Amino acid sequence: MASHSLSNLSLPTFISSKAHFRFHSKLGYCSLTPGVLISPSAKLFSIRAMGSSASSQKPDNNVQAVNKSEYSSLTDEEWKGRLTAEQFYVTRQKGTERAFTGQYWNTKTPGTYHCICCDTPLFESSTKFDSGTGWPSYYRPIGNNVKSKLDMSIIFMPRQEVLCAVCDAHLGHVFDDGPAPTGKRYCINSASLKLHPK
């Protein structure tokens, strides 16, 4: 469950079926999304989405030894020159490919899945499992080459976004409903991956 303390917020009062938030600050009311109003009287609110839970993955500092600055200085135009339109949309603009359409959603080929942007090894095929979601799913990344952070892009469904620890490419999301031994489900876009077969 994700909780966020924001000063001068109240619980939402729904005024339409579209999501819209406004909050009062010293600068006045601010809109975040279309359809729900928040009055300026409350101090704390919590959001929890059905069927989602925040991952408890801990950050680590043992990322694959690669020069991160090599990738952090690339512009969008440079990324567009290196990636297909779909790869750019998914990895650099945090997009999501449609379920059951990605190249690797049903692949059983043994090998290692690398980041499409920087070629960092991310997942071994031995950790891949059929989650029934239509996206490649893994229960463990390789070392600390994958990191996660809170994603509030869908306001009533907080999730843990999964990123390449080297180049910050958006990969997908991690959930706490995976198989043993980790209980994690790394739900990854095929467009963010490149399989190196064994």
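A salt bridge is taken here as a side-chain nitrogen of Lys or Arg lying within 4 Å of a carboxyl oxygen of Asp or Glu. The structure described is a predicted model.

**Salt bridges**

By this rule, 7 salt bridges are counted.

| Lys-147 | Asp-168 | 2.5 Å |

The side chains of Lys-147 and Asp-168 meet in a salt bridge at 2.5 Å. This pair links distant parts of the chain, 21 residues apart: Lys-147 belongs to strand β11 (residues 146-151), while Asp-168 sits in the loop between β12 (159-164) and β13 (170-175). Lys-147 is partly exposed, with a relative accessibility of 32%, and Asp-168 is likewise classed as partly exposed, at 40%.

The pair formed by Glu-77 and Lys-80 lies within helix α2 (residues 76-82); because the two residues are 3 apart in that helix, about one helical turn separates them. An α-helix has 3.6 residues a turn, so residues three or four places apart point the same way. Glu-77 is exposed, with 56% relative accessibility, whereas Lys-80 is partly exposed at 44%.

Arg-185 counts as buried because its relative accessibility is 11%, under the 20% cut-off. Asp-177 is partly exposed, with a relative accessible area of 45%.

**Helix α3**

Helix α3 spans residues 85-93, and its buried residues are Gln-87, Phe-88, Val-90 and Thr-91. These buried residues pack against α2 and β13. After the helix comes Lys-94, which has a positive phi near 60°.

**Nonpolar core**

The largest nonpolar core comprises 26 residues, and Phe-123 and Cys-167 have the most contacts inside it. At least two residues of this core come from each of β7 (111-115), β8 (121-124), β12, β13, β14 (185-188) and β15 (193-197). Beyond its neighbours within four places in sequence, Phe-123 is in contact with several residues, including Gly-111, Thr-112 and Tyr-113, as well as Tyr-138, Ile-142, Tyr-186, Ile-188 and Leu-193. In soluble globular proteins, nonpolar side chains tend to be buried together.

**Strand β7 and its partners**

Strand β7 is largely enclosed by the rest of the structure, because 5 of its 5 residues are buried. The strand pairs with β15 in the antiparallel sense over 5 bridges, and Gly-111 has Pro-197 of β15 as its bridge partner. β7 also runs antiparallel to β8, to which 3 bridges join it; here His-114 is partnered by Pro-121 of β8. The hairpin of β7 and β8 has 5 residues between the strands, and in this hairpin Asp-119 adopts a positive phi near 70°.

**The loop containing Asn-144**

Asn-144 is placed in the loop between β10 (137-138) and β11. Asn-144 is classed as buried because its relative accessible area is 17%.

Note on methods
Residues are numbered from 1 along each chain as its sequence is written. This is a predicted model: local features need pLDDT of at least 70, side-chain atom pairs count only at pLDDT 80 or more; totals for chains, interfaces and linings use all residues. Side-chain values use heavy atoms; hydrogens and water are left out. Helices (H or I, at least four residues) and strands (E, at least two) are DSSP runs, numbered from the N terminus. Buried means under 20% relative accessible area, exposed over 50%, partly exposed in between (1.4 Å probe, protein chains only). Contact means heavy atoms within 4.5 Å. A nonpolar core is a set of buried Ala, Val, Leu, Ile, Met, Phe, Trp, Tyr and Cys residues joined through side-chain atoms within 4.5 Å. Two strands pair if DSSP finds at least two bridges between them.
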